[in-house]
Amino acid sequence: MASEGSQKHTAVAEPEPIIAPGHTLATVTDKISSIVLTPGITKGWLGGFTIAVMLFLLLNVVMVYLFTFGVGIWGINVPVAWAFAITNFVWWIGIGHAGTLISAFLLLMHQRWRTSINRFAEAMTIFAVMCAGMFPLLHMGRPWLFYYMMPYPNPMWLWPQFRSPLVWDVFAVSTYFTVSLLFWFVGLIPDLATLRDKAKGRISQVVYGMLALGWRGSAVHWSRYEFASLLLAGIATPLVVSVHTVVSFDFTAAIVPGWHSTIFPPYFVAGAIYSGFAMVLTLAIPLRKYYHLEDLVTIRHLDIISKVMLATGMIVAYAYLIEAFMAFYSGSEYEKFMLMNRMTGPYKVVYWGLITCNLIIPQLLWFRKVRRNAAALFAIALVINVGMWLERFVIIAISLHRDFIPGKWGMYYPTRWDWATLAGSFGLFFVLFYLFIRFLPMISMVEVRSLVHQTEEEKLHA
């Protein structure tokens with residue numbers, strides 16, 4: 001009886017596998033590569049890609065109209081000079097943080113559960129940063145003068161203006177994009193070589209062969225690959241903190257109630273990881289269902305991502321409470337008015353919407369059944385994405401529409417062009433993402449194969 005009890009206890013205590021049992025090195029390679037190398041396209045992919053292209057075409061129409069008539073087509077005005085464009089910029093930058101955290105930081109921490117989700121999370125980062133970088137350019141109104149932001153040689157040292165938050169954004173976002181792109185591409189090289197060797201068409205062999213950079217899987221290649229991956233991971237990890245810290249300084253450089261340099265950097269970083277992991281779930285759950293990847297992206301992955309979201313969500317909730325507490329504790333009537341205006345003013349629906357989406361509904365993640373229910377997680381992730389966008393709108397537009405002087409007060413009403421620009425940015429993101437999942441492996445074959453190998457060794461030594 002004692003032995004039976006100990007056996008039951010051992011069975012319960014065994015950790016849940018990261019990937020479903022029964023996989024070999026060959027089955028992992030065949031399953032992931034078949035999504036890319038199978039000729040033709042599926043109806044589901046074609047339908048989603050068509051919608052994305054239509055939204056992307058809408059973005060092009062908006063950009064032509066914007067460059068013709070100026071930023072006045074948006075609803076921005078004198079008190080609310082920043083609105084949808086900067087809100088979208090901060091939101092898209094935040095979306096990209098989860099990819100870098102999963103890929104770089106968890107690689108340094110030797111977290112094996114990242115292997116099945118890091119590839120499309122990295123791609124999500126790159127595409128989100130591209131969407132984010134578009135909005136400051138559009139908001140300039142004269143994007144052809146963008147080179148003023150770059151440190152090009154000039155004898156008078158007139159440009160760039162290093163005291164401008166716009167210049168800080170250019171430096172931070174361009175660095176973040178460059179490192180993320182390099183890290184993503186380096187991780188792809190062994191898989192591109194696999195696609196080169198398995199491809200049937202001559203064009204596919206040539207294209208994948210060029211992108212694989214002559215990879216042959218030698219010991220020297222693997223040594224350089226691992227060194228480059230660790231080096232780029234070490235560079236990318238601080239960027240998770242630094243980039244959104246710089247973005248938060250865009251606001252704290254101004255003297256506006258509610259914009260505090262002491263709380264915004266950690267507040268923005270936690271919120272970025274929160275929204276980024278929510279977007280990872282938003283993408284991972286439909287992908288694993290449509291392409292039948294439940295054995296590679298398991299319920300355990302969803303459970304761990306949900307726990308990270310819950311942890312960062314509690315940090316965001318703490319920031320909300322501290323912000324409200326300091327508004328009254330400071331004794332500043334402007335800070336008090338700022339908070340009360342958010343809660344009871346003309347935009348109160350937006351404020352309480354973000355509280356509901358970011359604080360109340362995510363508390364369901366405390367329950368294990370919810371964390372392991374794909375449909376419930378997908379709904380919660382969508383809610384969090386909406387809530388984090390509302391949060392950025394509250395921070396930017398609602399803080400600006402009531403200035404220190406009542407004579408300068410005003411209201412912001414988004415126009416159809418504001419909404420069209422936001423919808424068009426989704427079109428750009430999903431056009432790139434659909435092309436990615438069609439022509440490149442969305443899951444790292446190399447890392448999942450190494451996971452299978454490690455799992456087999458652990459069983460032999462158990």
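**Entry 1: cysteines**

I looked up Cys357 first. Cys357 is buried, with a relative accessible area of 14%. The model I am reading is predicted. Cys131 came next, and it has 0% relative accessibility, so it counts as buried. A disulfide would be a covalent bond between the sulfur atoms of two cysteines.

**Entry 2: salt bridges**

I ran the search for salt bridges over the whole structure and got eleven. Side chains of opposite charge can pair when their charged atoms come close. I went through some of the pairs.

I took Lys31 and Asp295 to begin with. Their side chains meet in a salt bridge, at 2.8 Å from N to O. Which parts does this pair tie together? Lys31 sits in helix α2, residues 25–37, and Asp295 sits in the loop between α10 and α11 (299–329), so the bridge ties parts that are 264 residues apart in sequence. I checked the cover on each partner. Lys31 has 23% relative accessibility and counts as partly exposed. Asp295 has 18% and counts as buried, because the cut-off for buried is under 20%.

I moved on to Arg119 and Asp191. Their side chains form a salt bridge at 3.1 Å, N to O. Arg119 belongs to helix α6 (residues 118–140) and Asp191 to helix α7 (residues 165–198), so this pair ties together parts 72 residues apart in sequence. Are Arg119 and Asp191 buried or exposed? Both are buried.

Asp303 and Lys307 were my next pair. The closest N and O atoms of this salt bridge are 3.8 Å apart. I placed both residues in helix α11, four residues apart, which is about one turn of the helix. Asp303 has 7% relative accessibility and counts as buried. Lys307 has 44% and counts as partly exposed. Asp303, Lys307, Arg371 and Arg372 are joined in a network of salt bridges.

I located Thr237 in helix α9, which runs over residues 219–252. Thr237 is buried, at 17% relative accessible area. What lies 2.8 Å from a polar atom of the Thr237 side chain? I found the backbone oxygen of Ala233 there. I listed the contacts of Thr237, leaving out residues up to four places away in sequence. Thr237 touches Ala104, Phe105 and Leu108.

Ser229 is buried, with a relative accessible area of 11%. With residues up to four places away set aside, Ser229 touches Leu107, Phe183 and Val186.

**Entry 3: Ser275**

I found Ser275 in helix α10, residues 264–290. Its relative accessible area is 0%, so Ser275 is buried. A polar atom of the Ser275 side chain lies 3.1 Å from the backbone oxygen of Ala272. Which residues is Ser275 in contact with, leaving aside its neighbours within four places in sequence? I noted Gly94, Ile95, Asn385, Met388 and Arg392.

**Entry 4: Ser164**

I placed Ser164 in the loop between α6 and α7. Ser164 has a relative accessible area of 22% and is partly exposed. I took the C-alpha distance from Ser164 to Ala253 and got 9.2 Å. In sequence, Ser164 and Ala253 are 89 residues apart.

I looked up one of them, Tyr334, on its own. Tyr334 lies in helix α12, residues 333–344. Tyr334 is partly exposed, with a relative accessible area of 41%.

Definitions and conventions
Residues are numbered from 1 along each chain as its sequence is written. This is a predicted model: local features need pLDDT of at least 70, side-chain atom pairs count only at pLDDT 80 or more; totals for chains, interfaces and linings use all residues. Side-chain values use heavy atoms; hydrogens and water are left out. Buried means under 20% relative accessible area, exposed over 50%, partly exposed in between (1.4 Å probe, protein chains only). Helices (H or I, at least four residues) and strands (E, at least two) are DSSP runs, numbered from the N terminus. Contact means heavy atoms within 4.5 Å. A polar contact is a pair of N or O atoms within 3.5 Å; within protein, one must be able to donate a hydrogen and the other to accept it, and residues adjacent in sequence count only if both atoms are side-chain atoms. A salt bridge is a side-chain nitrogen of Lys or Arg within 4 Å of a carboxyl oxygen of Asp or Glu.
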